[in-house]
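Please view the sequence and structure below before reading on.

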Amino acid sequence: MGWREMIANVQGTSVRTFPEPVLYTPMGLSEISVTGIFREAFVSVDVENAVEIGSLQPTLDVVLDDLPALPSALPLGQGDRVVIVRTSLRYRVVEVNEDGEGMAKLYLHLEPTG
């Protein structure tokens, strides 16, 4: 087994060990159920100076083989959609970073409710 296959096995195992069920809708295709590693958005603040020192938008790590097509992040909210089952919150994929090892980090933008 080569390096790429070993990395893919480790990453796939992490997604299956710490799964976050999501409903994923690729642009122009039907919604599917997959798992990934979801990280909520947060902002880190320097309390002493009341200054924002860092922020992180929500992300979802997915195994590319679990998706019917490569993730799409197009401008103006036209990319793929994600619903986090646990919270029912809806997101748009705004950026995709493939790792070259069979996974991708999807940067998400919360869609307004209503």
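Along the sequence, the chain follows the pattern α-β-β-β-β-β-β-β-β, that is, one helix and eight strands; helices (H or I, at least four residues) and strands (E, at least two) are DSSP runs numbered from the N terminus. The model is predicted, with local features requiring pLDDT of at least 70 and side-chain atom pairs pLDDT 80 or more, while totals for chains, interfaces and linings use all residues. Residues are numbered from 1 along each chain as its sequence is written, and side-chain values use heavy atoms, leaving out hydrogens and water.

**Barrel**
- Six strands form a closed barrel in the order E1-E2-E5-E8-E7-E6, with antiparallel pairing; pairing requires at least two DSSP bridges between two strands.
- Strand E2 (residues 32–39) pairs with strand E5 (residues 59–63) in the antiparallel sense over three bridges, and Ile37 has Asp61 in E5 as its bridge partner.

- Residues touched by Tyr24 include Ile32, Val34, Val93 and Leu106, where residues up to four places away in sequence are not counted; contact means heavy atoms within 4.5 Å.

**Burial and surface**
- Of the 114 residues in the chain, 32% are buried, meaning under 20% relative accessible area with a 1.4 Å probe, protein chains only.
- The accessible surface of the chain (Shrake-Rupley method, 1.4 Å probe) comes to about 7,200 Å², and 56% of this belongs to carbon and sulfur atoms.

Terms used: Buried means under 20% relative accessible area, exposed over 50%, partly exposed in between (1.4 Å probe, protein chains only).
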